[in-house]
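Colleague: Hi, I have a few minutes before my next meeting. Could you walk me through this one?

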Amino acid sequence: MCSKRALQSLTKPPLLRFISSTPQSILLNPIPKSLSFHSSRRLAAAVTAMTGANSSGGCSQSDHVAGDWYSVPDLRLRDHSFTAPLDYSLDCSTCPKITIFAREVVSGLRFLMVFSAELLGIVGKEEQPLPFLLYLQGGPGFESPRPTEGSGWISKACEEYRLVLLDQRGTGLSTPLTASSMMQLKSPEELANYLKHFRADNIVNDAEFIRVRLVPDAGPWTILGQSYGGFCAVTYLSFAPKGLKQVLLTGGIPPIGSSCTADTVYSACFAQTIRQNEKYYKRFPQDVEIVREVVSHLAEHEGGVHLPSGGILTPRGLQLLGLSGLGSSSGFERLHYMLERVWDPILVAGAQKQISYYFLNAYERSLGFDTNPLYALLHESIYCQGASSGWSAQRIRAKDEGKFDAVKAAKEGRLVLFTGEMIFPWMFEEIHPLRPFKDAADLLAAKEDWPPLYDIDSLNNNKVPVAAAVYYEDMYVNFKSAMETASQIAGIRLWITNEFMHSGLRDGGSQVFDQLMGLLSGKKPLF
């Protein structure tokens, strides 16, 4: 409990002096030897009295459990677990439940707090009434970052915000849908019916469920959406804008047309992917012949070459390396260094040429479907509202007049083109972790009654400040489509750049985050 004197002084501004959290750094303010870290418990009570305990939103011990604070270098973290409905349209008391996990992150800086003449203790930012910032990860089907230190945009955000890293439902620690856990659902129909609840609409419902339990007085928060997280943020703007204070989008402005926009998306993405291939081979011309040789080798092995996990590598499977290799910073380099070790050395005269285990293993790791199969299962559905995707990428690819036919390209001496962010039905036959879910994937591709993800009227009348980074050469989110959607979001401010690729938030340190915050704060010019 705070002393009577301390409580009487709460209306006076406290004196704050920074103290570094790292043991190697210099202490900027001398601390009396008799004062320990635990002395700050008196101040914590005072801060609670000022901000209010998180009592809004019907929070109960049964649906929200908060862990203890812990540390990584320069950050303090706390884990939160929420028990939320699988289907928000059903009675919450009786419907199936899932776990939603979120990690609260603040700066590891410490403060020496003085109220009037009384020294109360050393306090971390975890005890300060900071505004909340929710981060929505890209995907679909990928968990939030796991911070190992205070660096990059996370460190910058934690200077002013209480950051919440949400594991979207089905990922990370939020009832993860893995290759093993989904086997509990015994039929393709049961699995497809379960997976329909894991799109952006319910991710937004989860965010609102968390907000009213975590933010003092259930106040609005700022959200930052990267890639697919930006799609979710625009869904949030459409249906729950009262929960939002500000919105930041990085490479994540979705197509918002009615029906299914997948065909339009993939038509544009194939064209951009061809341009990325041309840039890649211009950077690494030696890889032109290497890729042709690998394709020819795979074509000679009817049925493909066996992968370490039990799947097979075929010419069309090889082309999937463009998914991670062509669209992000350092992707070109990673792809090149994989290809330079594609062949085993010939140790014995007359031994047959074969693809190395090193390459086969690196290939599987680069795809990531063993750990995040949800991405493949739900990818095309993120573009669907009231219509099916019908395996859109496969249909659009069939119209390319052989441009992406790897075997034909190798025989004719043309560039073998890698594909981009596209999911094809044959992947559920050739990629081992996806094989059990082929029938469920077909059902999802045929599903027509997908609920709406965006409300254009609401976006046209938007009142929430929005700032977006739009990457001009983005391979994953088409520039033209992003600009068309931006024209429908009232008040949005855009930063258009070709300095970064799709991974600009991760690659740019604090630069992208700073730029967007500057747009919202007025520090950046309007023109």
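Modeller: Happy to! One definition before we start: Ala, Val, Leu, Ile, Met, Phe, Trp, Tyr, Cys and Pro count as nonpolar, Asp, Glu, Lys and Arg as charged, and the others, Gly among them, as polar. This is a predicted model, where local features need pLDDT of at least 70 and side-chain atom pairs count only at pLDDT 80 or more, while totals for chains, interfaces and linings use all residues. Residues are numbered from 1 along each chain as its sequence is written, and side-chain values use heavy atoms, with hydrogens and water left out.

Colleague: Thanks. How do the residues of the lining of the largest pocket divide by class?

Modeller: Into 15 nonpolar, 17 polar and six charged. A pocket here is an open set of points on a 1 Å grid over the protein atoms alone, with protein on both sides within 12 Å along at least five of seven lines; a cavity is a set where a 1.4 Å probe fits but cannot get out, and lining residues have an atom within 4 Å of a point.

Colleague: And what volume does the largest pocket have?

Modeller: About 1100 Å³, where volume is the space filled by probe spheres set on the points, and grid points are joined across faces, edges and corners. Of its 38 lining residues, Q137, F142, S328, S503 and R506 are the closest to the centre.

Colleague: Which element gives the largest share of that lining?

Modeller: Helix α11, with four residues. Helices are DSSP runs of H or I with at least four residues, strands are runs of E with at least two, and both are numbered from the N terminus.

Colleague: How many cavities of 30 Å³ or more are there?

Modeller: Five. The largest cavity holds about 90 Å³ of space, and of its 13 lining residues the closest to the centre are L377, E380, S381, W391 and A445. Helices α13 (374-378) and α17 (438-446) each supply at least two residues of that lining.

Colleague: What about the second largest cavity, which residues line it?

Modeller: Its volume is about 70 Å³, and the lining includes G139, Y228, H379 and E421. G139 has another point of interest: the peptide bond from G139 to P140 is cis, with omega near 5°. P140 sits in the loop between β8 (132-136) and α3.

Colleague: Nice. New topic: how do α5 and α6 cross?

Modeller: The axes of α5 (residues 200-214) and α6 (residues 228-239) come within 9 Å and cross at roughly 70°. Axes are lines fitted to C-alpha atoms, for helices over the stretch in contact, and angles run from 0 to 180 degrees between N-to-C directions.

Colleague: What do you call that arrangement?

Modeller: The two helices, α5 and α6, are therefore roughly perpendicular to each other. Angles under 35 degrees count as roughly parallel, over 145 as roughly antiparallel, 65 to 115 as roughly perpendicular and the rest as oblique.

Colleague: Which residue does D63 form a salt bridge with?

Modeller: R213, with the closest N and O atoms 3.3 Å apart. A salt bridge is a side-chain nitrogen of Lys or Arg within 4 Å of a carboxyl oxygen of Asp or Glu. D63 lies in the loop between α2 (41-51) and β2 (64-66) and R213 in helix α5, so the pair ties together parts that are 150 residues apart in sequence.
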